[in-house]
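Please keep the picture in view while I speak.

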Amino acid sequence: MNLDSLTISETQNDSSSITGKSDDSVYWSVAEVQSLLDTPFNDLIYRAQSIHRQHHDANGVQLSTLISVKTGGCPEDCGYCPQAARYHTGVDNQDMLSLDEVVSAAAAAKANGASRFCMGAAWRGPKQRDMDKMTEMVRAVKSLGMETCATLGLLKPGQAQQLGDAGLDYYNHNLDTAPEFYEEIITTRQYQDRLDTLQQVRNAGINVCCGGIVGMGETRLSRAGLIAQLANLNPYPESVPINHLVQVQGTPLYGTAALDPLEFVRTIAAARITMPKAMVRLSAGRQEMSDAVQALCFLAGANSIFYGDKLLTTGNPETDRDRALLDKLGLHAL
Ligand code: SF4
């Protein structure tokens, strides 16, 4: 059966016949997500791709470019992060970029085909003087006709609204992992702190970009726990980045046993099935993936990638390799 005939026959089913759920905002238990992850691979991918086609352009991929507007020296202790001041990773601290630098980078990203520009800063959270600069950047990038996204850490009351008033389209703040595994990875901020920031973002009318990281030594049950947490946010995030740990020497997670790439693909599929309308983003760790694994991720329902030179401080496949892969797969930019 080719995929076009699959589109016709499967999209005539309602999603409940495929997901086992009556709509896309119902509760997913961890056990239900785990049973998805346990599904035979072919069945899982078929199911994910079928749902994907009901809600998305089957061959469209959204391209975002990410820039680090302030690098390194972060006081937090996220065990995967080369920007934490306490780990010796060789990342050079860099003060906040100027408005001109950010606007030039955004214009270049747009010229290269990116529709969204994400600005990341290594802070526990922004101070008011940082907010003044960030809102200026958001306004300037927005005026180029791009969607804007920021990832600035924990937000204090009122800060999400300031970003929203400046025209911010998306705020990224990841849950990282399941609540049960969380303390193995981060101790300087609580899971609830993250949920509180996400609620502020929601209340400010900004789209939520929220996902996690796999390959940090967690079990399949923990991956199910992460996906269930994301899917049960009400509503679930508009954008769900699934990151693969990039192991950086000097961080506590360096040397963690590698995750089987097919387990990563399964996680993408579970995100697609449980959050049918979300953009599922193939994020950090893509540089280490073969074209074949990336293709499986697209088949499993990923439809967004970071595109450009650098993913914060770890590498991202160069633009040319990305273009070649998209061409080879017949995918187009959304
Ligand atoms: S992930 Fe963010 S908050 Fe955590 S150490 Fe890195 S820059 Fe700081």
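Predicted model: local features only at pLDDT ≥ 70, side-chain atom pairs only at ≥ 80, totals over all residues.

**Salt bridges and charged side chains**

Let me begin with arginine 124, which forms a salt bridge with glutamate 76, the closest N and O atoms being 3.0 Å apart. This pair links distant parts of the chain, since arginine 124 sits in the loop between strand S2 and helix H6, while glutamate 76 sits in the loop between S1 and H5, 48 residues apart.

Is glutamate 76 buried or exposed? Glutamate 76 counts as buried because its relative accessibility is 3%, under the 20% cut-off, whereas arginine 124, at 36%, counts as partly exposed. The side chain of glutamate 76 also makes a polar contact with the side chain of threonine 188, at 3.0 Å.

Next, the side chains of glutamate 147 and arginine 116 meet in a salt bridge of 3.0 Å, N to O, and this pair joins strand S3 to strand S2 across 31 residues of the chain. Here arginine 116 is buried, with a relative accessible area of 3%, and glutamate 147 is partly exposed, at 29%.

A further salt bridge, again given as 3.0 Å, is made by the side chains of arginine 202 and glutamate 238; arginine 202 lies in helix H9 and glutamate 238 in the loop between helix H10 and strand S7, so the pair ties together parts that are 36 residues apart in sequence.

Finally, Asp38, Glu218, Arg220, Arg223 and Glu263 are linked in a network of salt bridges, while Lys127, Arg129, Lys133 and Lys156 form a positive surface patch.

Key
Residues numbered from 1 in each chain as written. Heavy atoms only, no water. Patch = residues over 30% accessible without salt bridge, like charges linked within 9 Å, V, L, I, M, F, W, Y side chains within 5 Å. Areas by Shrake-Rupley, 256 points an atom, 1.4 Å probe, with all protein chains shown as cover. Salt bridge = Lys/Arg side-chain N within 4 Å of Asp/Glu carboxyl O. Lys, Arg positive; Asp, Glu negative; His and termini not counted. Charge placed at Lys NZ, Arg CZ, Asp CG, Glu CD. Buried < 20%, exposed > 50% of the residue type's maximum accessible area, 1.4 Å probe, protein only. Polar contact = N/O pair within 3.5 Å; in protein donor to acceptor, adjacent residues only side chain to side chain. Helix = DSSP H or I, 4+ residues; strand = E, 2+ residues; numbered from the N terminus.
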